Amino acid sequence: MEKHTFKTAEFAALCGVKKDTLLHYDHIDLLKPQRVGENGYRYYSARQLPTYDLIAALQRLGTPLAEIRDYLNRRSPEALLSLLEEKEAALDAERRRLEQMGRLLEDTVDKVRQARSVRPGDFFLEEQPETLCAVVPAPKIHDETFDEAVYLLHVRQLLAWARANGIPSQAPGDIICRETLERGEVTEDFYYCPVPPGTTGWPTRVRPAGTYAVLCHQGSYQSEYDASRALVRWVRAQGYRIAGDLYEEDLVNYSTSRDPESYLMKLSLNIRK
């Protein structure tokens, strides 16, 4: 009989777990006691401590208990290498997922802070950096009515592609091209979401660096058209020229407010002084 044996509670204390954990491991044939006495007591050997440590390490890597049991029954250097490479790939995927979530949270926090720092209805000038935008053509709406269902269906593929590529985007913004504005129209030409420089695999447009006339407009999406007209009128009244496209991005939308009249949109029009 081996000298260094421990009852279940004693072995559990050595492992830093509850007694019930070892009882469960025994029940599922993952880590059984070295022997069971005539009195029904379970006895574990000090030689089983490395086995418990291996189980605990694999659990921390997210390995299911059934998979750990299968490995213990066929353990070898080759089997361990295969298992660890699989877990390494899973951890890399989880790391990418968490990084994507972090970027989405950072983007959301930035928009909420912007929303708290501006006064709706104010016009101002702002220098904005060059931004690459993934785009999808917008359906032409001649009567300027906004159908949220049509919008959501139209941008679904863009959102799915962006998120699959780790690009945070709660809801795409709108682009009204310079040519459309010069015709006196304010209907969207594209929906867009910002993407990192060098992004490929989807149609893109560059929002150039430069001076932008900005209006932060509060109201429903239907009211965005009148706000866009107001921004164009203000730009011309100040003696500026339209140099590029008009970009709309949501600061407050359906994800942060139940009332469409409290949505806050940032309208930015590229101008020349």
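Two strands are taken to pair if DSSP finds at least two bridges between them, where strands (E, at least two residues) and helices (H or I, at least four residues) are DSSP runs numbered from the N terminus. The structure is a predicted model, in which local features need pLDDT of at least 70 and side-chain atom pairs count only at pLDDT 80 or more, while totals for chains, interfaces and linings use all residues. Residues are numbered from 1 along each chain as its sequence is written, and side-chain values use heavy atoms, with hydrogens and water left out.

**View 1. Strand E7 and its two partner strands.** E6 and E7 pair in the antiparallel sense over three bridges, and within this pairing Phe190 of E7 is the bridge partner of Ile175. E5 and E7 also pair in the antiparallel sense, over six bridges, with Val135 standing opposite Tyr192 in E7. Strand E7 (residues 190–195) is mostly covered, since five of its six residues are buried; buried means under 20% relative accessible area, exposed means over 50%, and partly exposed lies in between (1.4 Å probe, protein chains only).

**View 2. The open sheet of eight strands.** The strand order is E4-E9-E11-E10-E6-E7-E5-E8, with antiparallel pairing. Strand E4 (123–128) and strand E8 (204–207) stand at the edges with a single partner strand each, so one side of each is left without a neighbour in the sheet. From one strand to the next the twist averages 35°; axes are lines fitted to C-alpha atoms, for helices over the stretch in contact, and angles run from 0 to 180 degrees between N-to-C directions.

View 3. Helix H8 (residues 224–237) lies across E4, strand E6 (173–176), strand E9 (210–218), E10 and E11, and runs at about 30° to E11. Helix H5 lies across strand E10 (241–252) and strand E11 (264–272), running at about 105° to E10.

**View 4. A salt-bridge network that includes Asp26.** The structure holds 11 salt bridges, a salt bridge being a side-chain nitrogen of Lys or Arg within 4 Å of a carboxyl oxygen of Asp or Glu. Asp26, Asp29, Lys32 and Arg42 are linked in a network of such bridges. In the bridge between Asp26 and Lys32, the closest N and O atoms are 2.6 Å apart; Asp26 is buried, with a relative accessible area of 8%, whereas Lys32 is partly exposed at 41%.

View 5. Arg95 forms a salt bridge with Asp92, with 2.5 Å between the closest N and O atoms. These two residues are three residues apart in helix H5 (residues 77–117), and are therefore separated by about one helical turn. Arg95 is partly exposed at 44% relative accessibility, and Asp92 is also partly exposed, at 30%. Asp122 forms a salt bridge with Arg119, the closest N and O atoms being 2.9 Å apart; here Asp122 is partly exposed at 28% relative accessibility, while Arg119 is exposed at 59%.

**View 6. The surroundings of His4.** His4 lies in the segment before strand E1 (5–7) and is partly exposed, with a relative accessible area of 47%. Leaving aside residues up to four places away in sequence, His4 touches Tyr44, Ser45 and Ala46, contact meaning heavy atoms within 4.5 Å. The C-alpha atoms of His4 and Ala46 are separated by 5.9 Å, although these residues are 42 residues apart along the chain.
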